Amino acid sequence: VPDMVNLTALDEDSMHDNLKLRFDEGEVYTSCGHIIVSVNPFRWLPIYSEDLILRYHAAEDPFASEPPHVYCVAHGALNEVAVMASRGLPMHSQSILVSGESGAGKTEATKICMRYLAVVDALCSDGSSAARALTEQVLKTSPILEAIGNAQTVRNDNSSRFGKFLRLHYSSDARQLGAHIDTYLLERSRVVRPP
């Protein structure tokens with residue numbers, strides 16, 4: 001099932017079986033309510049086009065009307081900011097938590113969310129390329145951070161040895177203004193080669 005909330009038994013075995021069946025059918029995203037569970041396909045899939053971004057952006061509630069996708073989460077966070085801005089109310093911070101094991105695809109999921117936010121921001125800013133340029137600048141910091149803070153492990157050739165907290169700043173009319181990246185939990189010891 002696309003949404004695991006609809007499983008008759010919601011336990012570890014049934015969730016695992018559902019994820020495996022969906023993965024075997026080429027579906028890497030599955031929802032569990034308003035949580036997206038992803039299975040890393042270890043290859044790039046053609047499911048991140050600008051047309052698809054526009055489709056999810058146009059949906060009132062993509063969790064209800066569209067197939068599970070990380071775009072649902074990005075849409076939800078941005079929509080909360082945009083609704084508050086459109087009403088002239090103070091905007092509340094929104095968070096997207098990307099969690100998983102080493103090699104699960106957390107960095108890629110974050111980049112996909114950021115691209116969604118940049119495309120939608122450019123669309124809502126009359127096609128301005130400033131939002132895309134800003135996001136591209138932030139995305140280009142990843143290789144630099146990875147060069148000094150990643151290591152090869154048994155499970156991942158390019159494993160982050162630190163956590164990243166990325167803040168995107170928005171104006172009072174819900175347009176992207178800038179970004180700030182904090183790193184934390186940096187490991188003091190380095191893995192110089194796999195055991």
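In helix α2, residues Glu50, Ile53, Leu54, Tyr56 and His57 meet Arg115, Tyr116, Val119, Val120, Leu123 and Cys124 of helix α5, where contact means heavy atoms within 4.5 Å. The residues of this contact divide into 8 nonpolar, 1 polar and 2 charged, with Ala, Val, Leu, Ile, Met, Phe, Trp, Tyr, Cys and Pro counted as nonpolar, Asp, Glu, Lys and Arg as charged, and the others, Gly among them, as polar. The model is predicted, and local features need pLDDT of at least 70, side-chain atom pairs count only at pLDDT 80 or more, and totals for chains, interfaces and linings use all residues. Residues are numbered from 1 along each chain as its sequence is written, and side-chain values use heavy atoms, with hydrogens and water left out.

The axes of α2 (residues 50-58) and α5 (residues 106-124) come within 10 Å and cross at roughly 75°, which makes α2 roughly perpendicular to α5 (65 to 115 degrees). These axes are lines fitted to C-alpha atoms, for helices over the stretch in contact, and angles run from 0 to 180 degrees between N-to-C directions.

Ring pairs link Tyr56 and Tyr116 with Trp44, Tyr48 and Tyr71 into a cluster. A search of the whole structure finds 4 aromatic pairs, a pair requiring ring centres within 6.5 Å for Phe, Tyr and Trp (its six-membered ring). The rings of Trp44 and Tyr48 have centres 4.8 Å apart and planes at 40°, so this pair is tilted, a class lying between stacked (under 30 degrees) and edge-to-face (over 60). Trp44 counts as exposed because its relative accessibility is 57%, the cut-off for exposed being over 50% and that for buried under 20%, with a 1.4 Å probe and protein chains only.

Leu134, in helix α6 (residues 130-149), is by contrast buried, with a relative accessible area of 16%. Leu134 touches Gln176, Leu177 and Gly178, not counting residues up to four places away in sequence. The C-alpha atoms of Leu134 and Gln176 are separated by 8.2 Å, although these residues lie 42 residues apart along the chain.

For the chain as a whole, the secondary structure comes to 6 helices and 6 strands, taken as DSSP runs of H or I with at least four residues and of E with at least two, numbered from the N terminus. Read along the sequence, these elements follow the pattern α-β-β-α-α-α-α-α-β-β-β-β. Buried residues make up 33% of the 195 residues, and among contacts with a separation of 6 or more, 46% are accounted for by residues 24 or more positions apart.

Methods:
Parallel < 35°, antiparallel > 145°, perpendicular 65-115°, else oblique.
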